[in-house]
Amino acid sequence: MAKSTKFLLLFFIFTLFSSSNAVGGKLGGRTQIKDVKTNQEIQDLGKYCVEEHNRNLRKQNGALSSLLSFSQVVEAEKQVVSGVKYYLKISAIVKSSSSQKLFDAVVVVKSWETKKKRELLTFFPSPSPATK
């Protein structure tokens with residue numbers, strides 16, 4: 001009887017952690033963030049990404065023509081890694097042309113550090129639907 005109870009317990013634990021529906025998705029997998037447009041933390045992360053992009057442009061070549069103005073984050077996913085990695089789709093205005101464009105950004109947040117450390121990993125124009 002004890003062996004069958006242990007087997008059932010192990011089977012239950014294995015099933016729980018291998019199921020894609022367990023605890024919001026597979027361990028280490030990306031999960032979609034709902035209500036992105038009203039989530040202030042996500043909108044703040046998007047603004048941070050645009051500010052970092054602009055800061056990096058100024059450092060590289062002083063190019064003011066490519067600077068952006070943050071509009072909003074329109075889609076977001078997160079993934080638990082060494083911290084939390086956020087995959088953001090950001091709507092921003094290109095200041096030189098006043099045109100609205102979409103950008104894909106990846107940022108990592110390490111909340112356990114003294115100051116909640118954020119690091120922008122990538123920031124690129126989002127591919128158009130025709131090129132996906």
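A polar contact, as the term is used in these legends, is a pair of N or O atoms within 3.5 Å; within protein, one of the two must be able to donate a hydrogen and the other to accept it, and residues adjacent in sequence count only if both atoms are side-chain atoms. The model is predicted, and local features need pLDDT of at least 70, side-chain atom pairs count only at pLDDT 80 or more, and totals for chains, interfaces and linings use all residues. Residues are numbered from 1 along each chain as its sequence is written, and side-chain values use heavy atoms, with hydrogens and water left out.

**View 1. Serine 91 and its polar partner.** Serine 91, which lies in strand β3, has a side chain joined to that of glutamine 100 by a polar contact of 2.3 Å. With a relative accessibility of 8%, serine 91 counts as buried, where buried means under 20% relative accessible area, exposed over 50%, and partly exposed in between (1.4 Å probe, protein chains only). When residues up to four places away in sequence are not counted, serine 91 touches Phe70, Ser71, Gln72, Val74, Gln100, Lys101 and Leu102, a contact being heavy atoms within 4.5 Å.

**View 2. The overall fold and its sheet.** The protein has 2 helices and 5 strands, which follow one another along the sequence in the pattern α-β-α-β-β-β-β; helices (H or I, at least four residues) and strands (E, at least two) are DSSP runs, numbered from the N terminus. The strands form an open sheet in the order β1-β2-β3-β4-β5, with antiparallel pairing, and two strands are said to pair if DSSP finds at least two bridges between them. At the edges of this sheet stand β1 (31-32) and β5, each of which pairs on one side only.

**View 3. The partners of strand β2.** Strands β1 and β2 run antiparallel and are joined by 2 bridges, with threonine 31 opposite lysine 78 in β2 and glutamine 32 opposite glutamate 77 in β2. The pairing of β2 with β3 is also antiparallel and extends over 12 bridges, and here alanine 76 stands opposite leucine 88 in β3. A hairpin connects β2 to β3 through 1 residue.

View 4. Helix α2 lies across β2, β3, β4 and β5 and runs at about 115° to β2, the axes being lines fitted to C-alpha atoms, for helices over the stretch in contact, with angles from 0 to 180 degrees between N-to-C directions. The largest nonpolar core holds 21 residues, of which Ile42, Cys49, Tyr86, Leu88, Ile90 and Phe123 touch the most other members. At least two residues of this core come from each of α2 (40-61), β2 (68-81), β3 (83-94), β4 (99-110) and β5 (117-125). Such a core is a set of buried Ala, Val, Leu, Ile, Met, Phe, Trp, Tyr and Cys residues joined through side-chain atoms within 4.5 Å. Neighbours within four places in sequence aside, tyrosine 86 is in contact with a set of residues including Ile33, Ile42, Leu45 and Val107.

**View 5. Two loop residues with positive phi.** Aspartate 35, in the loop between β1 and α2, has a positive phi of about 55° although it is not a glycine, and with a relative accessible area of 60% aspartate 35 is exposed. Serine 98, in the loop between β3 and β4, likewise has a positive phi, near 60°, in a residue other than glycine, and serine 98 is exposed at a relative accessible area of 59%.
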